[in-house]
Amino acid sequence: MRQPVERRWDLREFIELLEQAGELRRVKAEVDWNLEAGAMSRLACERRGPAPLFENITGYPGQSLASVLLGPGEPLHARTSIALGVDRNTPPLELVEIVRRALRSPQTPVTVRKEQAPCKEVILKGADADLNRFPVPWVKSLDGGRYIGTWDIVGIRDPETGWVNWATYRCMLKDAGHFTVLLLSEDQHGGRIFKKYQAEGRPMPIALVIGAEPSCHMAATSSIPVGVSEAEVAGALMGQGVPIVKCETSDLMVPATAEIVIEAEVLPAERVDEGPFGEFTGHVTHRGTAPVARVTCITHRRNPIFTMANMSKPYDDYAVPAYMLRAACAKNWLEDHGVNVKAVFYHVPEIAVVALKPAPGLIQRVTSILMAGSRLIQNGIVFVEEDVDPSNIEDIFWSICSRMHPDRYAVIRNVPALPLIPWLEPKEREMRQAPLWIMNSTFPLDWTEHYRDEHTRVCDFADGWTGEIKQRVLQRWKDYGYEDI
Ligand SMILES: Cc1cc2nc3c(=O)[nH]c(=O)nc-3n(C[C@H](O)[C@H](O)[C@H](O)COP(=O)(O)O)c2cc1C
Ligand SMILES: [Mn+2]
């Protein structure tokens, strides 16, 4: 998957590659970190424009703010492809296969010396370790404050096993020396690990990394199982071990080329106000409480580039790369459990679309394996036959409309639920349990060949005409004056 050219594999190189591809624009006009950058980059995202790199941020000379770097491009997954070092036009299902292969060959990170680590160009301790030094954006008017961690990596270590987890968790700025980390306890790895520190009553060292090489961010938003290190997955996506360097005030290792590293410790017993925050569901989540982190040190590159995400309705910088990655995780997970399906894809939060050749018991089997995975489904699963492209929303909709008998819709009760989902009933949100649905738009197996033939033949261009006439039309395409189509 690697291109033969030399690559630096840092954020700045990725920005250059995006700019060359017309997928990034440098914004020279002065832009305020307070709501303006958020609103502008959201609209840029909704209009499928290039990612903005704000180079003139009100009150922060010499710094810049990058938004929706891995957001929707032309085509949709172009920026993800560029980040992975493959052709921008790589079809989404092929990206899934590329990532699947990478996930099978994790790469151990490579430790570099402090002098070789760009993230150590500036080291701030004591009163100098001030979070207000950075253009931390207030993203949406509906948010409860400035969010220092949106396109971030939260690094923590399991005190029992030594496993290091990198994940993207939202972090809200509290004051010059404090921020919250939203650790949804049972729902993700950070919460599980934090519980262990809480049980011992000691603070949890954390590293909040901003502006790492994109593979690191993609790994941090992926759905890999407990105990697997996102750093090794990031290396797999890069095709070489991620250069890492030790923190100043803890033993945590962070990506050496990161723009900003905020070292902190999460206090075991304290919770403070957090939210609201405009989330990946396209809805705002309510105000609640979250654990708070106390800053111990900050290191950064000179003229740092602050990265932010801007989540809402799909497609955005979460939906595009992370759901493609989730598909790769899900297909590998199924393969690990002895089940091969044609394809898996995700378009919206936590809904898996699975294309398979129906076989007795297969739908039930796939459902239970996916449910046992690491957040591979939340709302539901759509099953389609092999002739439906799960990366194409119109194809999925066609399959549901034309092939799904209402009795092939099923509900499974009492499944662990993410509290950020808007449709939860009050009781379900409290219990963190909700149903999930299965839409089976595959045809029943017990129909006779004759019955299938009479009622289920597909009649699009590929299937509706004989080879001869299709050949003729393809050959004469130019004659019709359609060469540009
Ligand atoms: C911008 C952004 C913010 C996120 N914030 C949170 C969060 O606050 N809490 C959370 O559990 N997941 C959050 N996620 C989703 C996690 O990154 C994702 O589920 C990831 O797989 C978690 O890693 P883990 O499996 O190691 O816990 C966020 C994702 C993005 C892109
Ligand atoms: Mn993890």
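This is a predicted model: local features need pLDDT of at least 70, side-chain atom pairs count only at pLDDT 80 or more; totals for chains, interfaces and linings use all residues.

Residues are numbered from 1 along each chain as written, chains are lettered from A and ligands numbered from 1 in written order, and side-chain values use heavy atoms, without hydrogens or water.

**Ligand 1**

I looked up who surrounds ligand 1 and got 19 residues, the closest being Thr168, Tyr169, Gln188, Ser222 and Arg375; near here is a heavy atom within 4 Å. The shell splits into nine nonpolar, seven polar and three charged residues.

Next came polar contacts (pairs of N or O atoms within 3.5 Å). The Tyr169 side chain puts an N or O atom 2.6 Å from a ligand 1 oxygen. Glu230 uses its side chain, with an N or O atom 3.1 Å from a ligand oxygen. Alone, ligand 1 exposes 630 Å², and the protein buries 96% of that (Shrake-Rupley, 1.4 Å probe).

**Manganese (ligand 2)**

Which residues coordinate the manganese ion? I found Asn165 (OD1), His189 (ND1) and Glu230 (OE), at 2.1 to 2.2 Å. Donors are N, O and S atoms within 2.8 Å of the metal (3.2 Å for Na, K and Ca); water is not among the atoms, so the site may look incomplete. The sequence spacing reads N-x23-H-x40-E. His189 sits in helix H5 (189-200) and Glu230 in helix H7 (230-238), 41 residues apart, so this pair links distant parts of the chain. Helices (H or I, at least four residues) and strands (E, at least two) are DSSP runs numbered from the N terminus.

Most residues other than glycine have a negative phi, and most peptide bonds are trans. I noted Gly275 to Pro276 as cis, omega near -10°, with Pro276 in the loop between strands S14 (260-274) and S15 (277-278). Pro314 to Tyr315 is also cis, omega about 5°.

How values were computed
A polar contact is a pair of N or O atoms within 3.5 Å; within protein, one must be able to donate a hydrogen and the other to accept it, and residues adjacent in sequence count only if both atoms are side-chain atoms. Ala, Val, Leu, Ile, Met, Phe, Trp, Tyr, Cys and Pro count as nonpolar, Asp, Glu, Lys and Arg as charged, and the others, Gly among them, as polar.
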